[in-house]
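Here are a few exercises to work through with the model open in your viewer. Try each task before you read its solution.

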Amino acid sequence: MDIEEGRISSGYAKPPWIFKGSALYQIHLVKAATARAFIPKEFRLVEAFGYTLGGFFLASYDDSPAGVFDELVVIAGIVWNPPTSCAWAARVLVNSNEACHHGRKEVGLPSHVARFSKKITAVPKRKKDRAFGFFDTFGLGTTLSHPQDLMEVKVSEVDGAASADICNIQMRSEETKVKKWMGPAIKMSLPSFSGNTKYNSNLLKYSCHLHCRVRPVKPAVVSGALEDETKNLSSQESLENERRLSIAVMLSKPIVALQFKVLTMQVEAPTVINPSI
């Protein structure tokens, strides 16, 4: 979706940019052939036995330069450019025009505007069944849920009046204990490569510095529809193929999921790099 720049008033000041909220970081085994479709030829995909490490980062920000918004970063895999390896985003979906514009122009991300629909489904409680996941991780206000309830996040990409379903993400709702353990406080850095898009042709490197409480949770269940592969693609079909491959990344096998609570993420300004294979 193209965004009219003149109609966007940006709250993004000079970097670093600070985002506060909560997130789910889920790592998947992604087929190398799928990931490679997104990786520029200047980089080498880090792979073993036909797979790389990709997945997704699903976040809900209650304080950011763009205000309150949700974000789904689909991670194609890990790429290598000596002396370091970094993640490569296949697609970024946000429900904020301002965040989408900033991601495209300033960070070189493949950002698209999307709609995030959230609901809680009641599930009968079973004895000795441990509840996993979140309750208020994704901005569900003060609504109380049963410890065994399921929360579903439906993500649909929006292009004008049209929309395309990307995926449904289903996870356990948070236990409602007042003193629920959120895991240890940690600091970590997530370096990433970006760029090589129609909005920013440079190849870039940037870092996200995270300070949060983290704990392992049961992986979310992702569902979505995949269409058959298409050959000899037109320009529009190529865009649809990128969307299809992003869904394939989301539907790949999860191996670990981490819940980030009380999250503060500092994003540094990207720097232009000259890749060397």
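Contact here means heavy atoms within 4.5 Å. One thing to keep in mind: this is a predicted model.

**Exercise 1.** Find which residues have the most contacts inside the largest nonpolar core, then list what Ile 169 touches beyond its neighbours within four places in sequence.

*Solution.* Start with the core itself: it holds 38 residues, and Leu 72 and Ile 169 have the most contacts inside it. Now pick Ile 169 and skip the neighbours within four places in sequence; what remains is Phe 56, Leu 58, Leu 72, Met 151, Glu 152, Val 153, Ala 220, Val 221, Val 222 and Met 250. Then look beyond that core: there's a second, separate one of 32 residues, with Phe 19, Ala 87, Cys 100 and Val 214 among them.

**Exercise 2.** Are Cys 100 and Cys 208 buried or exposed, and how many disulfides does the whole structure have?

*Solution.* The cut-off for buried is under 20% relative accessible area. Cys 100 comes out at 0%, so it's buried. Cys 208 has 10%, so that one is buried too. As for disulfides, searching the whole structure turns up 0.

Notes. Residues are numbered from 1 along each chain as its sequence is written. This is a predicted model: local features need pLDDT of at least 70, side-chain atom pairs count only at pLDDT 80 or more; totals for chains, interfaces and linings use all residues. Side-chain values use heavy atoms; hydrogens and water are left out. A nonpolar core is a set of buried Ala, Val, Leu, Ile, Met, Phe, Trp, Tyr and Cys residues joined through side-chain atoms within 4.5 Å. Buried means under 20% relative accessible area, exposed over 50%, partly exposed in between (1.4 Å probe, protein chains only). A disulfide is a pair of cysteine sulfur atoms within 2.5 Å.
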